[in-house]
Amino acid sequence: MEGGEMEGVAEKQGRENGSAAAGESCAKGGKSHTEASPRTAAGRGPQVAVIVPVYNKAHTIRRCIESILGQTYRNLELWLIDDGSGDGSGELCDAAAGEDGRVHVVHKDNEGLMKTWMRGVSESTAPYLSFVDADDWIEPDMIEKFVRALPCPEHPEYESKEVICGSYVIEREWNGTSEAKTNAASPGVYEGEKLAWVIMTRILGNEERTVILSRCMKLFSRELIERNLSYCDPAIRMGEDVNIVLPALLDARRVVILPDACDYHYVYEQGSMVHSYDPGLYDNVCRLRDVIGRILEDKQVPGAQRMKEQEFLFLLMLVMKNELRRQERDSASRIQMICVREKTPLLLQEYGLPLQEPANRLIAFFMRRPTMARIMPVRMIFRMRQKRENAAVAASNKGEGGCL
C-alpha cells in the first residue's frame, strides 16, 4: 500500500462498540461468517477486476500477483498497470500474463500512483473493482468474502451502489512484527437510516477512521468509482485515496463492514520506517482540504462545514508531525507560522475533539497556544523519538547483514 494509506489523517477514527473484538479476531486469523448469497453458493458470481498499479516493485510483485491469482474466487481479472518501471517489474508482469489468461498488462509512461490506478479503471470492464498495491499481498479468500457479502439477486437496487469493506494487517518486515487494523464502525450491513447515521455523519473528522479510507481492502461497484473520478487530483500525494473513497462511500446505498476480515497485508519495508521531512506536505494538506470541502458540498452532507474543519485539524496534526521531524534550526518558527496562519487556537476551540493518541495530545498542547515555550519542548520529545526509531532500523539492518 503506497501513498493512500496515509490513513494517517489521524488514521482510523472513533472506535465504536464491537470493533475491538473484531480487531482481536483478525489478529487470530478468524474466518468470516457472512452468509453466502444464492449466486456464490451456486458457484456463480459477478466478475471482479483487481487493479494493481506497479512502479519499480520487482522485489515484491511476484508475491502480490500469486496472492491474487491464487484466490478461491476464480471469476476475476487482474490488471497490472506498469507506470514506467525501470527495474524489470514490467517484464515480470508480462510473464504473469503469459501464464494466466486472466492477467492483463498495460505499460505506460510514469505518471504517478493516482493516474496509474485510474488507467486500470478505464481499461477494465468488470462490474466490481478491487485494488491491491504492488508491495502488498492478500489472503486466498479475500475476494470470495467480498462477493459473498453482495446482495441477493432479489435486491438489484443495491448492485451498482455498494462498497464491501475489509480490514488489514500491517506487516513490519524490518522487525518481523504485525498489527491488525480494523474499521471503527462495528461489522454489519449499513443501509438507509443506519448508513446515514452511523457511517455518513461520522465518516471524517475523528481521530480513528469510522471506515478506513483506503481504496485497498474493499470491493466497489464500478459506478461508484467511475462517477467520482472527477474529484481525483493527481497533484495530491498524501491522502490521495480520500479523493475517491470518500465520494464513493457518500454515494453508496449499501456499505458492508466484514467481520474477521484482516485479509489485506500492508507491507512496511525497512526504508518506510526512516522518517523524512516532506517540504510539500502543508501545501498538499491545504489542497486536500479544498477537495474534501467540494465533495461534502456536492454530496450535500449534513454538517459539512464542521466535518471539514474537524478533518482539517487532524490533517494539520500530520503537518505538525512532519514539521517536527525537520532538522533545520528554524523549524519551530515554521510551526509557529503555520499555527498563526491557520488560527489553530480558534480551530481547536470551535472544532476540537477529545484526543487519545499521545502524540496528538502533545501537538494540541502547542496548537492551543503556539508559543516557542510550548513548541520547543515538544520538538525535543519528537526528535528523541525519531532517533530511537532510526536506531532500531539501523540495528535491524546490522543484524541482517551479520546473517549473510
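This note goes through a predicted model, starting with its sheet and then turning to helices and a pocket.

1. The sheet as a whole. The model contains an open sheet of eight strands, whose order is β3-β2-β1-β4-β10-β6-β11-β9 and whose pairing is mixed. At the edges stand β3 (103-108) and β9 (188-191), each of which pairs on one side only. From one strand to the next the twist averages 20 degrees.

2. Strand β4 and its partners. Both senses of pairing can be seen at this strand: β1 and β4 pair in the parallel sense over four bridges, whereas β4 and β10 run antiparallel and are joined by two bridges.

3. The side chains of β4. Which way do the residues of strand β4 (residues 128-131) point? Tyr128 and Ser130 point one way, while Leu129 and Phe131 point the other way, and all are buried. As background, side chains in a regular strand alternate between the two faces of the sheet.

4. Strands β6 and β11, with Val255 as an example. β6 and β11 pair in the parallel sense over four bridges, and the bridge partner of Glu162 is Arg254 in β11. Val255 also lies in strand β11. Is Val255 buried or exposed? Because its relative accessibility is 0%, Val255 counts as buried. Apart from neighbours within four places in sequence, Val255 is in contact with Val163, Cys165, Gly188, Val189, Tyr190, Leu195 and Leu249.

5. Helix α9, an enclosed helix. Ten of the ten residues of helix α9 (residues 242-251) are buried, and therefore the helix is largely enclosed by the rest of the structure. Among these buried residues are Val242, Asn243, Pro247 and Asp251. The elements that cover the buried residues of α9 include α5 (113-123), β6 (162-165), β10 (218-221), α8 (222-226), β11 (254-257) and α10 (281-298).

6. The buried residues of helix α13 (residues 344-351) are Thr344, Leu347, Leu348 and Tyr351. Why do these residues lie on the same side of α13? They do so because they cover an arc of only 100 degrees around the axis. Leu346 and Gln349, on the other side of α13, are exposed. Among the elements covering the buried residues of α13 are α11 (304-324), α12 (331-342) and α14 (358-367).

7. Helix α4 (residues 89-99) lies across β1 (48-54), β2 (76-83) and β3, and runs at about 155 degrees to β3. Helix α9 also packs on the sheet, where it touches β6, β10 and β11, and its direction makes about 60 degrees with that of β10. The second largest pocket, for its part, has a volume of about 190 Å³. Its lining is made up of Arg62, Ile65, Glu66, Leu69, Leu92, Ala95, Ala96 and Glu99. Which elements give two or more residues to this lining? They are α3 (61-69) and α4, the latter being the helix that lies across β1, β2 and β3.

Notes
Residues are numbered from 1 along each chain as its sequence is written. This is a predicted model: local features need pLDDT of at least 70, side-chain atom pairs count only at pLDDT 80 or more; totals for chains, interfaces and linings use all residues. Side-chain values use heavy atoms; hydrogens and water are left out. Buried means under 20% relative accessible area, exposed over 50%, partly exposed in between (1.4 Å probe, protein chains only). The arc is that of the directions from the helix axis to the C-beta atoms. Contact means heavy atoms within 4.5 Å. Two strands pair if DSSP finds at least two bridges between them. Axes are lines fitted to C-alpha atoms, for helices over the stretch in contact, and angles run from 0 to 180 degrees between N-to-C directions. On a 1 Å grid over the protein atoms alone, a cavity is a set of points where a 1.4 Å probe fits but cannot get out, and a pocket is an open set with protein on both sides within 12 Å along at least five of seven lines; lining residues have an atom within 4 Å of a point. Grid points are joined across faces, edges and corners, and a volume is the space filled by probe spheres set on the points.
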